[in-house]
Amino acid sequence: MDQVSADTLVRPDTTTDESTDNDTPKFFHYVKKNKIAESAVMGTHVVALCGEVFPVTKSPKPGSPVCPECKRIYEMMKKD
C-alpha cells in the first residue's frame with residue numbers, strides 16, 4: 001500500500017455512493033487534496049483512505065458524518 005502523507009489529505013471533502021433518503025451522503029471520506037478539484041471538474045474518481053472509490057459530488061458542512069474507517073486511518077497517519 002502506498003504511503004500517504006497527512007498534508008495531502010483534507011478532512012473530509014468528498015462523498016460516497018452510500019446515501020440517505022434525502023440525497024445527503026451517509027458519510028464523507030478523507031481523500032488526497034490534489035484529487036478533489038480534478039474530480040469535481042473532470043468527473044474522475046477519487047480513492048478514499050478506506051478504499052472507497054467515487055467521484056466528488058458534494059462538499060461537507062461542519063459536523064458532517066465522517067467514515068469511521070477513514071477517520072481511524074487518518075488518526076494513525078497523524079501519529080507518524
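This is a predicted model: local features need pLDDT of at least 70, side-chain atom pairs count only at pLDDT 80 or more; totals for chains, interfaces and linings use all residues.
Local features require pLDDT of at least 70 and side-chain atom pairs pLDDT 80 or more, while totals for chains, interfaces and linings use all residues. Residues are numbered from 1 along each chain as its sequence is written, and side-chain values use heavy atoms, without hydrogens and water.

The chain holds two helices and four strands. Their order from the N terminus is β-β-α-β-β-α. Helices (H or I, at least four residues) and strands (E, at least two) are DSSP runs, numbered from the N terminus.

The chain has 80 residues, and 32% of them count as buried. Buried means under 20% relative accessible area, exposed over 50%, and partly exposed in between (1.4 Å probe, protein chains only).

The largest nonpolar core has 14 residues. Such a core is a set of buried Ala, Val, Leu, Ile, Met, Phe, Trp, Tyr and Cys residues joined through side-chain atoms within 4.5 Å. Tyr30, Val31, Val46, Ala48, Leu49, Phe54 and Cys70 touch the most other members. Strand 2 (28–32) and helix 2 (68–79) each supply at least two residues of this core. Helix 2 gives the most, with four.

One aromatic pair was found. Rings of Phe, Tyr and Trp (its six-membered ring) pair if their centres lie within 6.5 Å; planes under 30 degrees apart count as stacked, over 60 as edge-to-face and the rest as tilted. Tyr30 and Tyr74 are stacked, at 4.6 Å centre to centre with 20° between the planes. Tyr30 lies in strand 2 and Tyr74 in helix 2, 44 residues apart. Both Tyr30 and Tyr74 are buried.
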